[in-house]
Amino acid sequence: MFQKKYTLRLKLYLLLVVAAFPGSTLVFGQSPEYKNYSVKDGLPSSEVYNSIQDSKGFMWFATDKGVCRFDGYQFRVFTTINGLADNTVFSCQEDYKGRIWFRSFSGKLSYYYNDSIYQSPLNDTLSRLVKTSFVMSMTIDTTDNIYMGVYCSYLAVIKINIKTNSISLVPIPRNKSYLIMTPDKRLLIGNTYDNTNSNLNKIKANVSGIYIYRLTSGSSELLKIKQYDTSILNGFTIHDQALLLANNKIALMYNNRIFLLDTISWEFKSLHDFKGENILSISKDGDQGFWLSTQKKTIYFNNERITNRHLPEFLSEKSITSVTKDNEGGTWFTTLYGGIYYVSSLSFKTYSTLNGLPGNKINTITVSKDGKIWAATEYSNKISVINNDSITYRYLPDVKGLSINTILLNDSNEVWVSTTSGLSIFKNNRYFKLISKSDAVGQYNIINNNNGTSWANNYSRLQLLKRKGNIIYGNDLQTCGSKIFSICKDSNQSIWMGTFKGLFRYYKDSLYYYGKKNALLKNRINDIKMLPNGNLWLITRNNGIIVKRGDSLNEISTKDGLLSNFCQCACIDKAGNIWVGTNKGISHIILSKSNSGNLIDTIINLTGPNLIEVNCIKSNNDTIYAATSNGITLFNTNTIFSSKTPPPIYITEIKINNQTKPLSSSFHLNYDENYLMINFVGLTYKDAGNTQYRYKMEGIDTGWIYTKNRDVQYPKIASGNYTFLVSAMNTDGVWNLKPASVKFNISPPFWATWWARTIFVLTIAGFIYWRFKVVETRTKHDAEVNKQLISMELKELKAQMDPHFLFNNLNTLTQLVEVKSDDAPEFVEELSKYYRYSLQFRNTEFTSLDNELKQADRYLHILKIRFGDNIKLQWNILESLRTHYIATYSLQLLLENITKHNIVSISKPIWVEITTTNQGSLVIKNQSQPKNSSILSNKHGLKSIDQRYQLLTSKKIVVSQTSEYFSVELPLITPTEYESTYS
């Protein structure tokens, strides 16, 4: 049932396309490292028909439920929902413009370009032409022409011009079998004949040979076939395919045979007859190599013959639909119902329990000169001996808790095995146990000397072993007080020991501990290797590698490209380079051969499911053997190369304020569009999903930031110009030196723009200028006011110090001394208070009404002493107005004017009222009794008061005069007005 369904699918509907890859010669082919991708990993279907790698480095897969693109992390699936013409897609092809074309079951075409799927506008016409026929092959030339080989009872070639959206049939004579060559020498293949038989698998054409039809000239030419009877060429079946190889040769399959056709001599050469097996697909691999799959097997042809690169064992039961090699040397196998299998290198070979090992965790191995592998499995008393893929066993006594630690092959064809129960020996494949003085002899490590002695160790003691027949003597020489993991002998007969506490050296019966001199040498050392130049390589548990060169130490860690700092073992190959086993894989350290002083030249890292947790590693000729927790993996060093090609790196998504934006090389953003999220991917498949990246935002980050994440966020970026750069590193430590980049220009807010700042500066400058002019005007005004005030103050002072005023007071004082001597002191005291107040407030324009009333009261007291009861005074002051302000001296100047210009006597006493109004003013009102005096009033006092009020307050005094009274109203200034204007 399985084969019937497969044959129906593949023979009637599929003609897999030709794919081109770089090729290389590989040695091993069984059980390589691999990964299997299926529906659980994101594939839309496990039924996969075809794969290609596009020019950007992405892998594309055609399935019966759409197509998908793989970047090493995830599968991006495209179906009819995304614009695909049909979900059952048989092939993918890339044209010269980078468009990925998809050929579907229905014959309809669609393609991927610039992150979108487009359908051919001719699909309806194409569907009518094809109907129940089958598209057998398709090619696209560099002039935007698509050629499709269609089986519709005879071979038809459909030509589609993409530029003009035109479709036509290419006229080809019938009843002939053809190789059809397009202008760019791509191939379509099939036969033309009338079909009246409904059984398509039995259709044969009555033809005498193969013709080549050149579309450029529209001519056909019968191939001059040599060496073979042309009768065997009759009747191509509809699944026939051809590959254009190097040197003008074509690999051609039909009638279950594979042929090689020389297009110069037209010579046919049979490569293989599969004797009734249906050939399902052929896939190109290099210039002259290709894979060929039948229902039963997949084999590899190179240089016109089948090579020893057979299908890996894990694919032996799978139906292979295509084989594709990527630009890193990895191979992709697409299968029917089995999904996709990826092999990083077909040069790896692995032995495990599937091959007959007693267990997968291998503690130690050793390799004989003839390539036999001796391996010890954890918790087993069996030693596995692998010879040319066959496994035999050597048994040790079944001791409880037995652990095999070291296997040593000596020059006497003996195999020494150190175990936790002591030392054992195999000779001529027969086991015998040495008689020793102690079962603790040679339990862990052992190395031979040339004088019949051996160095070994138990848990923490170094031992020198001597053998006499079947008896072995062990001398415990020194103990280091710590478990010994490895011992190494140098040319001076020193024994170096790697222990839990670090490095020890035994020399001439003395033990030296190097951890006292350097803290680096206190760390756990799992293995020690001595190079011919005397350099000591210390393989540490969590500090990488320490190289002791004389008295100097060099560290090698992940910073230098080492796969992991948890190192377990090491070996030296025939070229003198170092192979280091770690918990993550193997690092191949190529030493520098130059005189630059550098210790290493390159580090090449090898990873894979069967290369993790490497417990022991050995080298023999060109082969490396790794004992791991998943079995034994070996490979030829000539086929393991350092990939100098860096992985392509792409920015895949940009979000601005959590909104996905169309990809662009630059963005111009507003000041509030400053939350950036950037996703990226580096295309490398050897260690898929574990790629190392470095990135930086120029303008923010001062250096590279290293990560294995594929996204980065920059919240709240300030306005400015930035460039984001990101690069990826392949598994061999090669960085992409042309990072993917995107530029961001974040505009400042409008108030921070140059024009806004210019307006702001101009506004501030205008305000300063205006303020300067106001201050200047006010200064001039104040200067003029001060000038007038000074003038008035001088006049007032003159008035106050008027000799007449002083003369009157002195006369009054004289009279008081003569008549009322008791009142004279009081008069003098009040007069002094009056002048003291005048001097205290002479430089102030305003004073509180309360102060001015007190001064007026002093002045009135003087007048009372002088005039007695002839002055009648009445006060009516609102208490709430006492805190208001009044022009200094104004009240007393008015009181002085009353006695100066009016008669005050016993016969004519005068009354004076001093009151406040509800409108906030002070009224001084007196009885009008003018003097008949030669000194005429110039009203200077009133003018002075009025000018002061107008200059300082813009307010005027109010003067009222009748025949009965004279009144002056002075405006008062509120405390608020005074604080805001005059303080």
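This is a predicted model: local features need pLDDT of at least 70, side-chain atom pairs count only at pLDDT 80 or more; totals for chains, interfaces and linings use all residues.
**Entry 1: ring pairs**

I began with the rings. A pair of them is described by the distance of the centres and the angle of the planes. My count for this model came to 33 aromatic pairs.

I picked tryptophan 579 and phenylalanine 635 to look at. Their ring centres are 5.7 Å apart and their planes stand at 55 degrees, so I noted the pair as tilted; edge-to-face would need over 60. Next I looked up where the two residues sit. Tryptophan 579 belongs to strand E52 (residues 578–582) and phenylalanine 635 to strand E57 (residues 631–636), so this pair ties together parts 56 residues apart in sequence. Buried or exposed, these two? Both tryptophan 579 and phenylalanine 635 turned out to be buried.

**Entry 2: another pair**

Then I went to tyrosine 706 and tryptophan 735. The centres of their rings are 5.7 Å apart, but the planes make an angle of 70 degrees, so I wrote this pair down as edge-to-face. It links distant parts of the chain, 29 residues apart. Tyrosine 706 is in strand E63 (residues 705–707), while tryptophan 735 is in the loop between strand E65 (720–729) and strand E66 (740–746).

How covered are they? Tyrosine 706 has 47% relative accessibility, so I put it down as partly exposed. Tryptophan 735 is at 17% relative accessible area, and buried means under 20%, so tryptophan 735 goes in my buried column.

**Entry 3: a cluster, and charges over rings**

I also found one aromatic cluster, formed by Tyr37, Phe61, Phe70, Phe75, Trp332, Tyr342 and Tyr685.

Which rings have an arginine over them? I noted tyrosine 111, with arginine 99 lying over its face at 6.0 Å from the ring centre. I noted tryptophan 704 too: the charged end of arginine 694 sits over its ring, 4.9 Å from the centre.

**Entry 4: strand E65 and its partners**

E65 is mostly covered, with seven of its ten residues buried. What does E65 pair with? Strand E62 (residues 692–698) runs antiparallel to E65, and seven bridges join them. E66 is also antiparallel to E65, again with seven bridges.

Glutamate 698 has threonine 723 in E65 as its bridge partner. From threonine 723 I went on to its bridge partner in E66, lysine 743.

Note on methods:
Residues are numbered from 1 along each chain as its sequence is written. Side-chain values use heavy atoms; hydrogens and water are left out. Rings of Phe, Tyr and Trp (its six-membered ring) pair if their centres lie within 6.5 Å; planes under 30 degrees apart count as stacked, over 60 as edge-to-face and the rest as tilted. Helices (H or I, at least four residues) and strands (E, at least two) are DSSP runs, numbered from the N terminus. Buried means under 20% relative accessible area, exposed over 50%, partly exposed in between (1.4 Å probe, protein chains only). A charge sits over a ring if NZ of Lys or CZ of Arg is within 6 Å of the ring centre and within 35 degrees of the ring normal. Two strands pair if DSSP finds at least two bridges between them.
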